[in-house]
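Hi everyone, thanks for coming.

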Amino acid sequence: MIKVLIADDQELIRQSLEIVLSAHKDLQIVGTAKDGLEVLDMVRVHHPDVILMDIRMPKMDGVYCTKEIMKKYPSTKIIILTTFDDDEFVFSALKYGASGYLLKGVSMDELYKAILTVVDGKAMINPDIAAKVIKIFSQMAISNYAIQVDADSIKDISNAEFKVIQQVGFGFSNKEIAKNLFLSEGTVRNYISSILSKLQLRDRTQLAIWAVQTGQTMRKFADD
């Protein structure tokens with residue numbers, strides 16, 4: 001029996017996946033979680049074989065949840081499920097040890113097969129993003145696996161800008177960042193433009209990768 005944990009911040013998706021996957025006699029759904037912190041709690045109790053992990057979740061996103069789980073429970077298989085195929089998500093999730101990366105448009109039959117595949121010790125990557133994965137890892141090899149930023153330029157980043165960087169690392173859009181930080185979208189755009197200039201980064205994707213690589217998404221901010 002394969003023990004499966006489902007993590008998604010949308011209740012409808014959690015319930016739907018649980019109902020469909022429970023129809024397979026070789027799968028046991030040991031629980032559902034709405035954020036990364038709940039996932040960590042449930043892993044300690046249920047020790048699932050496979051976790052279906054959403055990327056965008058409150059409190060702790062799926063990327064860092066993957067990182068924490070793989071440090072403590074390296075035998076656990078994690079399949080990232082998301083509607084987003086952004087470069088930084090692919091990079092981060094696979095870097096931290098995810099065994100699969102599937103878009104939420106995948107059929108339930110394909111999802112079931114993916115679970116069996118990762119349990120068998122193999123990787124499962126959606127064909128739609130396989131080419132992108134190859135490109136990303138080729139770029140990683142060329143750049144020595146890191147986005148390089150001059151240390152002195154980091155000193156010019158304000159606390160407010162670091163908060164925006166963290167949100168970019170989470171994969172949020174300008175509209176979502178504006179809502180989360182109680183700013184206007186115009187202000188967010190100005191912040192990002194300033195940050196890219198200060199850090200001499202090409203685009204938002206590079207900023208997001210740098211944010212993840214340097215731990216900005218785990219940074220705690222004191223109340224202003």
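**The chain as a whole**

Let's start with contacts, where contact means heavy atoms within 4.5 Å. Among contacts in the chain between residues at least 6 apart in sequence, 66% join residues at least 24 apart.

Before going further, a word on where this comes from. This is a predicted model, in which local features need pLDDT of at least 70, side-chain atom pairs count only at pLDDT 80 or more, and totals for chains, interfaces and linings use all residues. Residues are numbered from 1 along each chain as its sequence is written, and side-chain values use heavy atoms, with hydrogens and water left out.

So what do we have? The chain has eleven helices and six strands. Those helices (H or I, at least four residues) and strands (E, at least two) are DSSP runs, numbered from the N terminus. Of the 224 residues, 46% count as buried. Buried means under 20% relative accessible area, exposed means over 50%, and partly exposed is in between, with a 1.4 Å probe and protein chains only.

**The strands**

Now the strands. I'll say two strands pair if DSSP finds at least two bridges between them. Strand 1, residues 2-7, runs parallel to strand 2, and six bridges join the two. If you want to find that on screen, look for K3, which stands opposite Q28 in strand 2. Strand 1 is also joined to strand 3, again in parallel, by four bridges. There, V4 stands opposite V50 of strand 3.

Strand 3 then pairs with strand 4, residues 77-82, in the parallel sense over five bridges. D54 has L81 of strand 4 as its bridge partner.

How covered are these strands? Strand 2 covers residues 27-33, and five of its seven residues are buried, so the rest of the structure largely encloses it. For strand 3, five of its five residues are buried. Here's a bit of background: in a regular strand the side chains alternate between the two faces of the sheet.

**Two helices side by side**

On to helices. Two packed helices are described by the angle between their axes and the distance between the axes. The axes are lines fitted to C-alpha atoms, for helices over the stretch in contact, and angles run from 0 to 180 degrees between N-to-C directions.

Helix 2 (residues 36-46) packs against helix 3 (residues 62-72) at an angle of about 20°, and their axes are 10 Å apart. That makes helix 2 roughly parallel to helix 3. For the cut-offs, angles under 35 degrees count as roughly parallel, over 145 as roughly antiparallel, 65 to 115 as roughly perpendicular and the rest as oblique.

Which residues make the contact? From helix 2 we have G36, V39, L40, V43 and R44, and from helix 3 we have C65, E68, I69 and K72. By class, the contact has five nonpolar, one polar and three charged residues. In that scheme Ala, Val, Leu, Ile, Met, Phe, Trp, Tyr, Cys and Pro count as nonpolar, Asp, Glu, Lys and Arg as charged, and the others, Gly among them, as polar.

**Helix 8 and some buried residues**

Next, helix 8, residues 159-169. Nine of its eleven residues are buried, so helix 8 is largely enclosed by the rest of the structure. Among the buried ones are E161, F162 and K163. After helix 8 comes G171, with a positive phi near 90°.

T217 sits in the segment after helix 11 (204-213). T217 is buried, at 6% relative accessible area. Not counting residues up to four places away in sequence, T217 touches Y64, Q166, G169, F170, A211 and V212.

S153 is in helix 7, residues 151-154, and counts as buried at 9% relative accessibility.

Last stop: positive phi without a glycine. H47 has a phi of about 45° and lies in the loop between helix 2 and strand 3 (50-54). Is H47 buried or partly exposed? Partly exposed, with a relative accessible area of 44%.

F182 has a phi of about 60°, and lies in the loop between helix 9 (174-181) and helix 10 (185-199). F182 counts as exposed, at 76% relative accessibility.
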